[in-house]
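Please open the structure in your viewer and keep a selection tool at hand. The stops below take you through a few charged side chains, one after another.

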Amino acid sequence: MEPVRTIHRHIHEQAALHPDARGSFSRLLGQICLAAKVIGHHVNRAGLVDVLGGAGLVNIQGEVVQKLDILANAAMKDALFQSGTVAALVSEEEEAVIHVPKGTEKGDYIVHFDPLDGSSNIDANVSIGTIFAIYRRKSTGPEITDEDIFQKGTEIVGAGYIVYGSSTMLVYTAGHGVHGFTYDPSYGEFLLSHENIQLPEKCKVVSVNEAYSSNWPAGITDYVDFVKARKHPRYKDTTFRYIGSLVADVHRNLLYGGFFMYPGTVQKPNGKLRLLYEALPLSFVVEQAGGTATTGHERILEMTPNALHQRVPLFIGNRDDVQLFLEISGYS
Ligand code: AFP
């Protein structure tokens, strides 16, 4: 029988790579696993209990809040506060920085998260996910400052996501490779299923919502047409697939090889996706897996964020495809 490797064992092995580690980062990751189990449980039972559909609210992004968004947000906050390792949180679902409640142990980490990405897909049983990025607090005073919250992606100490799909899978990196764990309900544990994920060389999939093509800035259509022509050796067998859940689109491309784009439009030059809790964590994961991510003008991980819910165009995936995109679109 194959030895069973749980995520907790893996996290402890990774911690051993940092001789000065005091265990709080491992505790934090452990609590993210707990939140993933709680959210996954509710997602799997969504049709059976009253958690499907809108909550009758609109969030800071102007988007309809689903009941599961609220539940997932609460699960992440509870789990992270219980860890005693966080100094502050940023969530897609909340307008302002979330401070640690009075009487709760504080730590040194800042976590940015999207509790349930792709939630407009929930009612149709389409894969959705949770995305997170972890930073170390910079300031030393009693107050959390902008310096703590608006760090560059190059300062990320850990990032990952959970996909709730045909199974629940947690993918994370703490800067030493990208590792995937599949939830085994009979053990109640995430078990190592994808060790050291590397983006495959080939471009199996290009993902983009072409509905916006008439409003794209010049150059984007040139690249999309170039792929569709299927003349370039990279694109002879490429297909177009778009789920509409960023986390699921990026996860599929990470396993199969590919390139995801969400350009800005003439009306919305920064597009739709959020920098802090969508683009930055996924860019960190994809770079760790050998890929790259850019706005078309700047490496995502080198951007200095200036607002909690800042939006950013995103071109992410295999290095060769990003490079071809930059050349053909004329962005480079
Ligand atoms: P929801 O959470 O409202 O479903 O939005 C998901 C998302 O931010 C991201 O996951 C998708 O990639 C993107 O929106 C899809 O947006 P379009 O429908 O405009 O393509």
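Select R137 and D148, both of which are buried, where buried means under 20% relative accessible area, exposed means over 50% and partly exposed lies in between, with a 1.4 Å probe and protein chains only. The two form a salt bridge whose closest N and O atoms are 3.7 Å apart, a salt bridge being a side-chain nitrogen of Lys or Arg within 4 Å of a carboxyl oxygen of Asp or Glu. Because R137 lies in the loop between β6 (128-136) and α4 (146-149) while D148 is in helix α4, the pair ties together parts that are 11 residues apart in sequence. Helices (H or I, at least four residues) and strands (E, at least two) are DSSP runs, numbered from the N terminus.

Before moving on, keep in mind that this is a predicted model, in which local features need pLDDT of at least 70 and side-chain atom pairs count only at pLDDT 80 or more, whereas totals for chains, interfaces and linings use all residues. Residues are numbered from 1 along each chain as its sequence is written, and side-chain values use heavy atoms, with hydrogens and water left out.

Next, select K228 and E210, which form a salt bridge with the closest N and O atoms 2.9 Å apart. K228 sits in helix α5 (residues 220-229) and E210 in the loop between β11 (205-207) and α5, so this pair ties together parts that are 18 residues apart in sequence. K228 is partly exposed, with a relative accessible area of 43%, and E210 is also partly exposed, at 30%.

Now go to D249, in helix α6 (residues 246-256). Is D249 buried or exposed? D249 is buried, with a relative accessible area of 0%.

Staying on D249, show the backbone nitrogen of I243, which lies 2.9 Å from a polar atom of the D249 side chain. With neighbours within four places in sequence left aside, D249 is in contact (heavy atoms within 4.5 Å) with S207, R241, Y242, I243, G244 and F260.

To finish, select R5, R9, E13 and E195, which are linked in a network of salt bridges. A search of the whole structure finds 14 salt bridges.

Notes: Polar contact = N/O pair within 3.5 Å; in protein donor to acceptor, adjacent residues only side chain to side chain.
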